[in-house]
Amino acid sequence: MIALNSDCMTMVRRCLLTFKPFRIFVAGIGFFSLCFLMTSLGGQFSAKRLGDSPFTIRTEVLGGLESRGVLRKISDMLEIILKRIDALAKLSNTSESHRLEELSSALDRFQPVGLVERIQAIAQNVSNMAVRVEQILRHTLLVISAGRDGMAGHCEVPKDPGYPDCASKVDWMRARWTSDPCYAFYGVDGSDCSFLVYLSEVEWFCPPLGWRNHSSQPTVSSTPKKQAVVRSDLGPLLEQVGSGKESLSFMRRRMRRLAMQWAVAARRLDERLRSRQRQQKRVLVHVGFLTEESGDVFSPKVLKGGPLGEMVQWADILTALHVLGHNLKISVSVKELQGFLGVPPGRGSCPLRGPLPFDLIYTDYHGLQQMKQHMGLSLRKHKCHIRVIDTFGTEPAYNHEEYATLHGYRTNWGYWNLNCRQYMTMFPHTPDNSFMGFVAEEMNQTERLNIQREKVNNMAVVYGKEANMWKGKDKFLTILHRYMDIHGTVYYEAQRPPEVPAFVRNHGLLPQHELQQLLRKAKLFVGFGFPYEGPAPLEAIANGCIFLQPKFHPPRSSLNNEFFRGKPMSREVSSQHPYAEQYIGRPQVITVDYNNSEEVEAVIREVLKAKVEPFLPYEYTCEGMLERVNAYIQHQDFCHLDGHFPSANDSKLWPGNPPSPFVLLPNSTVVVWAPNVTAPACWPPLSALRLLLAREAFSCVKTCQDSGLVCEPAFFTFINNMEAFNGLDVQCEALEAEMNHVFPAVAVERRECFLQKEPLLFSCAGVSTKHRRLCPCRDYLPGQVALCRDCL
């Protein structure tokens, strides 16, 4: 080491000429002793209180007169070394320092043979001595710890097959325990004993230590459970949301504007739920995309025509949770998130300081990433409590990290290994996920009549607040202008955007209540193809407008469209708003090819003749959303799995030969759970199950939809067996279990049946040209596709 450092070599040469050989030897021994003792003992000192002296700590650790004597000798030796170094410094500053330079240059021409090797050998001996001293100190520490904590033996790493990662984790801690201050916060001080205590009591990689006094460990006090009471006053919620950002002010204005609507829905729901016991949940809502750490790109765009769909949904989620009577905390910064969760100080490597203080956490993908950075291993332990608000949805093939990586489904999002029903979407377009939704403004009977009287038959409003949405639409707008007056709400600061034709009356960006007034007068609401699946079309339809939207040829997806590329789904979007096209349809929603001028003109003439009343699907009313969110909170529990398929002992009670709990409906190819067979507990209940065999190249989404049903992923665990194949009269010459997002299924070209090996890969969306899928479908309530008839 000294041979590689010229400055140190020069100092050694000076020492050789200035001091006697004995002093050189003492200085060398002292220097290397200092380095190695500080290195080996420093980790022990760093974890102690700042006010404690390292030497005081060592005195406490060693104990005994002999140990104190050793420390005094070490201290005296260090004092001598410091005096020698000080003398060297004074010598180098004297007028005679030029003599040292001359002697040094002479040494450059004369290298003492073997000198460096001898010094290195001395250093190695000192290093070995330091290691031995460290072993003695550690042994003494263990002996005293044994006396203090009642430990029967030394802190040896246990070899327990139930904790196979214990040894490797201890090795990691030895090398990296200083990499994050949170380890010292939990009492880790560099000793193996502290590693084992941490890995057994804070994390869970090592078994509990018998010598620890576990009775003195802090116990989790179970707080008494409260009953949730429906609230109609939004005042406390408005105070909690605050107005520090324009995005939060937007959400507050929306809550205030819809307050009466929520109050009416709260009273109705209270009458329906009064006889039911509902437990109040502790709920954290962390809006990750509004945090400064994620860039908060939405807040600056609120007043400039930017997308508001996400903020509409979050405002309604907060309101629904508050109205349902739950204990709500709101976070829009990482600092608030850390405070609410009880994150230990440091870089996020350690688990939380105690149990998770929330029953449910609603967040988004940005928030999920922030939680991963700051919760450490706790995220894996507590992820079953998380609900991810995910506008476009996440399919199982993209959610399973290993499978996504191996089969080309890895994207910028997804791969979190959640149960896919933990992802909650804006529209019910992905049955693998849960449908959260939002609300649109409802009209009472008087308002509906006034809207119909005030309608201007030839007035159209264009759905496009940003100028770039109008590019390339001149031909379509020219045709529309022949029949109707066109109004726009395009944002601009000083000059009218050139993309908006002169014949369009542009109102600029309007506040929400003024936009509502404009929609109440308009007959037609025109979509240009973007934004996809936003809330505005439903608000327009609720105000009595007809929604005209473009059909996409071919359908857009993550495979052919830049906007969807990278999103964790393969869903094909056939129009700007598939929900409006499928679940509402004519006369309120008309989907047309904008490139076909004759078809466009015929549709506009149809619009002018049509008589349309305001319409809003029940699931987008306040009451509908409250009903749905309440059902999820009370029934969805991803920390405890639903019941499993009955055991072989129960098969003796099943009908048929071979016996099966599945039976065919009369005059049908649909299989149901036999009414005389006890069904395992699950939600939705198995009474809603309708089992179908898909055609090749058909997903379960499409198969169920064609039969007027909805695919239900919660039922996959009950049909992933041979009995389901027998119930559908599928002849299986072979049966295998594999990881594949289209299984359970039967091969088209041969009688080979496949079961699903990985429950996280149960998928309604999966498609295969080589297999026919087993599809668990269910019925649904009119206007409430998320819930089955028996779900309430």
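**Overall make-up and packing of the predicted model**

Of the 792 residues of the protein, 50% count as buried, where buried means under 20% relative accessible area, exposed over 50% and partly exposed in between, with a 1.4 Å probe and protein chains only. The structure is a predicted model, in which local features need pLDDT of at least 70 and side-chain atom pairs count only at pLDDT 80 or more, while totals for chains, interfaces and linings use all residues. Residues are numbered from 1 along each chain as its sequence is written, and side-chain values use heavy atoms, leaving out hydrogens and water.

Contact here means heavy atoms within 4.5 Å. Among contacts between residues at least 6 apart in sequence, 71% join residues at least 24 apart.

Strand β1 (residues 282–286) runs parallel to β2 and is joined to β2 by five bridges, and R282 stands opposite N327 in β2.

Strand β7 (residues 459–463) pairs with β10 over four bridges in the parallel sense, and Y463 stands opposite G527 in β10. Strand β11 (residues 546–556) also pairs with β10 in the parallel sense, over three bridges; here L524 stands opposite I546 in β11. In a regular strand the side chains alternate between the two faces of the sheet. In β10 (residues 524–527), L524 and V526 point one way and F525 and G527 the other way, and all are buried.

Helix packing comes next. Two packed helices are described by the angle between their axes and the distance between the axes. Helix α7 (residues 166–176) packs with helix α9 (residues 192–201) at an angle of about 125°, and their axes are 10 Å apart. This angle makes α7 oblique to α9, since angles under 35 degrees count as roughly parallel, over 145 as roughly antiparallel, 65 to 115 as roughly perpendicular and the rest as oblique. The residues in contact are C166, K169, V170, M173 and R174 of α7 and D192, F195, L196, Y198 and L199 of α9.

Helices α20 (residues 474–483) and α24 (residues 597–609) also have axes 10 Å apart, and pack at an angle of about 35°. Residues making this contact include F476, I479 and L480 of α20 and V600, I604 and L608 of α24.

Finally, S247 sits in helix α11 (residues 246–257). S247 is buried, with a relative accessible area of 0%. Beyond its neighbours within four places in sequence, S247 is in contact with L290, S299, V302 and M311.

Note on methods
Pairing = 2+ DSSP bridges. Helix = DSSP H or I, 4+ residues; strand = E, 2+ residues; numbered from the N terminus. Axes fitted to C-alpha atoms, helices over the stretch in contact; angles between N-to-C directions.
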